[in-house]
Structures are given as C-alpha cells and as structure tokens.
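Work through the exercises below with the sequence and the 3D structure open. Try each task before reading its solution.

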Amino acid sequence: MPVNLKGRNFITLKDFTPDEIRYMLDLSMDLKNKKRAGIKGNLLDGKNIVLLFEKTSTRTRCAFEVAGFDEGANVTFLTNSQMGKKESIEDTAKVLGRYYDGIEFRGFKQETVDCLAKYAGVSVWNGLTDLYHPTQILADFLTVKEHVNKSLNKVKFVYVGDARNNMGNSLMIGAAKMGMEFVALAPKELWPSKELVDEMNEVAKETGAVIKLSENVDDVKGADVIYTDVWVSMGEEDQFEQRIKLLTPYQVNMDMIKRTENDDVIFLHCLPSFHDQNTVVGKEIYEKFGLKEMEVTDEVFRSKYSKVFDEAENRMHTIKAVMVATIGNL
C-alpha cells in the first residue's frame, strides 16, 4: 500500500509505522536535492501555517519558516496569543483551525499539543514538548543515512546524558521503530521511564530493535553514532549543580570517541551546545563551577566526527517533508 499521511498530526513517532517514517525520510531527501538543485517548490501553495511558540528557538522557528516559504506557504509566527490565559487551548485550537491549514506548537506540556490536535480540525505538528521532539529525530536519522554506510536497522546508536528528557525519549522511540540497537548511557537517576522502555521493547519485538540502558561507558564500543544533548533542559536551570555532578562522567570527549573503536563513528547533537565559553550561560557555568565545557568537549564538537551542522540543516528538510506529507499538494 502506498503511504498517505494527508490530514495526519505529527505529535510523536509512536503514531507512525516504520514504513511511514521511511517515507518521510525519503521525501526529505528528495526535497533537499530539489532545493540544492535550485528547483523552486510549490507543494504548499495556498497553504497558511501558524507557529505557536512558548519556548524560544533558533532551528525550529527558522526551519519551519524557511521550509514553508520554500514551498509557497504563508507563515505566521505567534508568541503573544491569549492561549491558556484569556482563552482556553480548546477554543484557541478551534479558532486557529478556521484560519490555518496547519499548526505547529513548541512549548512545555505535552497536553497542550495533544489538545490542539484534538480540537483544531487541521494537522498539528509538535515542534517540541517536555516529553517529545519528533521533528528533531527525523533530522537526526536523515543525517545518519547520509553519513553512516549502513541501513538504519544495522546501526548502533548511543545516546549519552539525560536519557529521560524529550530527546532521550524520542530517540529511543525512533530507534525502536527503525530496528536499531539503541543504548541509553546515563546514571540510573536519569534513565527513561520504565513505562516507555517497556512500550518500546514491545515495538522492538516487531522491528528487531535492541533497547539497552547502561551506566557503563564501555558500552559505546561499536557505536556508529554518539549523540548527546544539554545536561539541563529549558525550564530546569536551577538543576545545573546536580546535573554536573551526575553527568560529568558521561561527557562526550575524545576518549569516549576512541572507546567506540570505530573511526567512522559520527557525533550528533540537537543544539545549542555548551562546548566552549562563547555564550552567556557557558561563561556563567565556568565562573560558578570552573567547567570550561559541559556535555561535549570543543575538540569533539569541531572534529571530523561531528556532523552537527549537517544535522541542523536537515531540520529544515525534514520539517518541510512533514508539512508537505500532511497538508501539501502532492
């Protein structure tokens, strides 16, 4: 059966089959090739898109806007709505659904994007919540396809750091769906929930994936991908001291890269990254804790192994594919 995602929401990769995820990755690559060839798109002509942001962003906003413009859409960026203040999320969803063909939400509570999806009557896309970040995972997997000479179901993918944040959750879901060997390398205090792990192990029975939780850094051996994220997520800034103590042994440094025993291993990070002191936060952390680098060293970040800027570019191509697949003129 051909894949048809018209009218679908994009809330979590739990909702999609492996074939549907592969379809979105293939569509992403096709749209990327057309953009690089200078072929102007028209697959979103006549479409109106609104971007609802509670959390600030660089890549998510820019990727959605440029992706929409590339294919002929009109895009509204909205941060000052009355949603949840003077107007309920349900009522806001019903109003915006009358104006727009698609709604993106980036914020805190998963319940917010779920409510928008329930009542909008148009496709709703999750640009990030505290639980999930599915558009990032598509960009990550497209980058893996471009730089790892293996099919996704042969890839060993190691996520290092806070494994119970939205990135840890979403990468485990994506890896389970695509049949990968997935290792969450973190202190037990920061492992993903047992409920989610059990759920993904059920998925793995169908796809051949392997899900492993580990505190042993030696489990990076054989990794094709080493992935990390910031140690403290947005809204948790009061937890820097605790996280530094927990996660310093899990910093991605050149010793960890060498422990993979794979000279073709790639390093990925969803960004932004605290790999130096060239940020306000980076300077504050150095002054307070004497730490020059956090989740990844500058040496690794700038090394041949690092594909983080290819990955960042792929946010745009994969987001474009999500919008085209769900509301586009295909």
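The exercises go from the whole chain to single residues, and the model is a predicted one.

**Exercise 1. Overall form**

Task: Decide whether the radius of gyration of the protein agrees or disagrees with that of a compact globule.

Solution: 
- Step 1. The protein has 330 residues, and a compact globule of that length would have a radius of gyration near 20 Å.
- Step 2. The value for the protein is 19 Å, which agrees with the globule.
- Step 3. For the extents, the C-alpha trace spans about 55 × 45 × 40 Å along the principal axes.
- Step 4. The secondary structure consists of 12 helices and 9 strands.

**Exercise 2. Surface, contacts and charge**

Task: Find what share of the residues is buried, and describe the surface and the charges of the protein.

Solution: 
- Step 1. Of the 330 residues, 56% are buried.
- Step 2. The accessible surface is about 14500 Å², and carbon and sulfur atoms account for 47% of this surface.
- Step 3. Take the contacts between residues at least 6 apart in sequence: 77% of them join residues at least 24 apart.
- Step 4. There are 43 positive and 51 negative charges, and their mean positions lie 2 Å apart.

**Exercise 3. The nonpolar cores**

Task: Find which residues have the most contacts inside the largest nonpolar core, and list what Val-144 touches.

Solution: 
- Step 1. The largest core holds 61 residues, and those with the most contacts inside it are Phe-141, Val-144, Phe-157, Leu-171 and Phe-182.
- Step 2. Helix α12, residues 308–327, gives the most to this core, with 8 residues.
- Step 3. Leaving out residues up to four places away in sequence, Val-144 touches Leu-152, Val-155, Phe-157, Val-225, Ile-266 and Leu-268.
- Step 4. A second core is separate and has 34 residues, among them Val-158, Val-217, Ile-226 and Met-256.

**Exercise 4. Backbone exceptions**

Task: Locate Leu-128 and Glu-261, and state for each whether the residue is buried or exposed. Then locate the cis peptide bond.

Solution: 
- Step 1. Start from the general rule: most residues other than glycine have a negative phi, and most peptide bonds are trans.
- Step 2. Leu-128 is not a glycine, yet has a positive phi of about 150°. Leu-128 lies in strand β4, residues 123–128.
- Step 3. The relative accessibility of Leu-128 is 8%. Buried means under 20%, so Leu-128 counts as buried.
- Step 4. Glu-261 also has a positive phi, of about 55°, without being a glycine. Glu-261 sits in the loop between α9 (254–259) and β9.
- Step 5. With a relative accessible area of 60%, Glu-261 is exposed, since the limit for that class is over 50%.
- Step 6. The cis bond joins Leu-271 and Pro-272, with omega about 0°. Pro-272 is in the loop between β9 (266–269) and α10 (280–289).

Conventions:
Residues numbered from 1 in each chain as written. Predicted model: local features only at pLDDT ≥ 70, side-chain atom pairs only at ≥ 80, totals over all residues. Heavy atoms only, no water. Helix = DSSP H or I, 4+ residues; strand = E, 2+ residues; numbered from the N terminus. Rg over C-alpha atoms; globule rule 2.2 N^0.38 Å. Buried < 20%, exposed > 50% of the residue type's maximum accessible area, 1.4 Å probe, protein only. Contact = heavy atoms within 4.5 Å. Areas by Shrake-Rupley, 256 points an atom, 1.4 Å probe, with all protein chains shown as cover. Lys, Arg positive; Asp, Glu negative; His and termini not counted. Charge placed at Lys NZ, Arg CZ, Asp CG, Glu CD. Core = buried A, V, L, I, M, F, W, Y, C linked by side-chain atoms within 4.5 Å.
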